[in-house]
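The stops below run from one selection to the next.

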Amino acid sequence: MFLSDLLNSVTRTVTIYAVIAAAGIGSGAYLGYHLTSEHYEAIIATSKTKVLEEKNAMLTDGDKRVSEYVIQLKQLEDQNKNYQKQIAKAVGPNQCAVSDGFVRLYNASESSVPSAPSSTDAATSTVDSAALLSILIDNNEKYNQVAKQLTDLQAYINDTQHIGK
């Protein structure tokens, strides 16, 4: 009996130690998983916050740039109107003749369509210098709008490439 009691006692002790070891391993694994997941969840939350802040900064900057661009376009339009008002005074009574050849070449350069010389190139056109000057002022306004838009677009691209670095 003594031997069987001793064996039972040892078996109970080993079982208790096995249960304690399993509980320790289980709780350690749970705590390890829990702490690790909290750590990565915190990193993800921080990353999300940073991305949202960058996105909001880009949107705010984009809105600011659009507003500035609209103001600049309005200034160009006002400047163009001022130039248009000055045409009659600038040309004055000394209207110069514009040839059909000049008009043909100008139209060809505007449309990028090839044009060959014509026998009527030397003839006087119905387009007078005031109308020609008005067209040139309008074209320069459009050119300046496109140039400003491209300049602002390049600045925006350069600025957004530096975000997050």
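What follows is a tour in short stops, each with something to select.

**Before you start**

This is a predicted model: local features need pLDDT of at least 70, side-chain atom pairs count only at pLDDT 80 or more, and totals for chains, interfaces and linings use all residues. Residues are numbered from 1 along each chain as its sequence is written, and side-chain values use heavy atoms, with hydrogens and water left out.

**Stop 1: helix α2**

Select residues 100-111, which form helix α2. Helices here are DSSP runs of H or I with at least four residues, strands are runs of E with at least two, and both are numbered from the N terminus. The expected span is 1.5 Å times one less than the number of residues.

Now colour the buried residues of α2: Gly-101, Val-103, Arg-104, Tyr-106 and Ala-108. Buried means under 20% relative accessible area, exposed means over 50%, and partly exposed lies in between (1.4 Å probe, protein chains only). Part of the cover over these buried residues comes from α3. Gly-101 has a relative accessible area of 8%. Step past the end of the helix to Ser-112, which takes a positive phi of about 60° just after α2.

**Stop 2**

Select Arg-104 in α2. Is Arg-104 buried or exposed? Arg-104 is buried, because its relative accessible area is 17%. Show its contacts, leaving aside neighbours within four places in sequence: they are Ser-115, Ala-116, Pro-117, Ser-118 and Asp-121. Contact means heavy atoms within 4.5 Å.

Focus on Asp-121. The side chains of Arg-104 and Asp-121 meet in a salt bridge, 2.8 Å from N to O. The pair ties together parts that are 17 residues apart in sequence, because Arg-104 lies in helix α2 and Asp-121 in the loop between α2 and α3. A salt bridge is a side-chain nitrogen of Lys or Arg within 4 Å of a carboxyl oxygen of Asp or Glu. Asp-121 is also buried, at 16% relative accessible area.

**Stop 3**

How many salt bridges does the structure hold? There are five. Side chains of opposite charge can pair when their charged atoms come close.

Select Asp-61 and Arg-65. Their closest N and O atoms are 2.8 Å apart, in a salt bridge. Both residues sit in helix α1; they are four residues apart, so about one helical turn separates them. Asp-61 is partly exposed at 25% relative accessibility. Arg-65 is partly exposed at 21%.

Next, select Lys-148 and Asp-152. Their side chains meet in a salt bridge of 2.9 Å, N to O. The two lie four residues apart in helix α3, about one turn of the helix. Lys-148 is partly exposed at 26% relative accessible area, and Asp-152 is partly exposed at 22%.

**Stop 4: helix α3**

Select 129-161, the run of α3. Its 33 residues reach 48 Å from first C-alpha to last, close to the 48 Å expected at 1.5 Å a residue. Colour its buried residues: Ser-129, Ala-130, Leu-132, Ile-137, Asn-139, Glu-141 and Gln-145.

**Stop 5: the largest pocket**

Which residues line the largest pocket? Select Gly-62, Arg-65, Val-66, Glu-68, Tyr-69, Gln-72, Lys-148, Gln-149, Asp-152, Leu-153 and Tyr-156. Both α1 (2-91) and α3 (129-161) supply at least two lining residues. The largest share, six residues, comes from α1. By type, the lining divides into four nonpolar, three polar and four charged residues. Nonpolar covers Ala, Val, Leu, Ile, Met, Phe, Trp, Tyr, Cys and Pro; charged covers Asp, Glu, Lys and Arg; the others, Gly among them, are polar.

The space in this pocket is about 230 Å³. On a 1 Å grid over the protein atoms alone, a pocket is an open set of points where a 1.4 Å probe fits, with protein on both sides within 12 Å along at least five of seven lines; lining residues have an atom within 4 Å of a point. Grid points are joined across faces, edges and corners, and the volume is the space filled by probe spheres set on the points.

**Last stop: two long distances**

Draw a line from Gly-101 to Thr-46: they are 55 residues apart in sequence and 68 Å apart in space, C-alpha to C-alpha. Then draw one from Glu-38 to Val-146, which are 108 residues apart in sequence and 52 Å apart in space, C-alpha to C-alpha. Glu-38 is found in helix α1 and is partly exposed at 41% relative accessible area.
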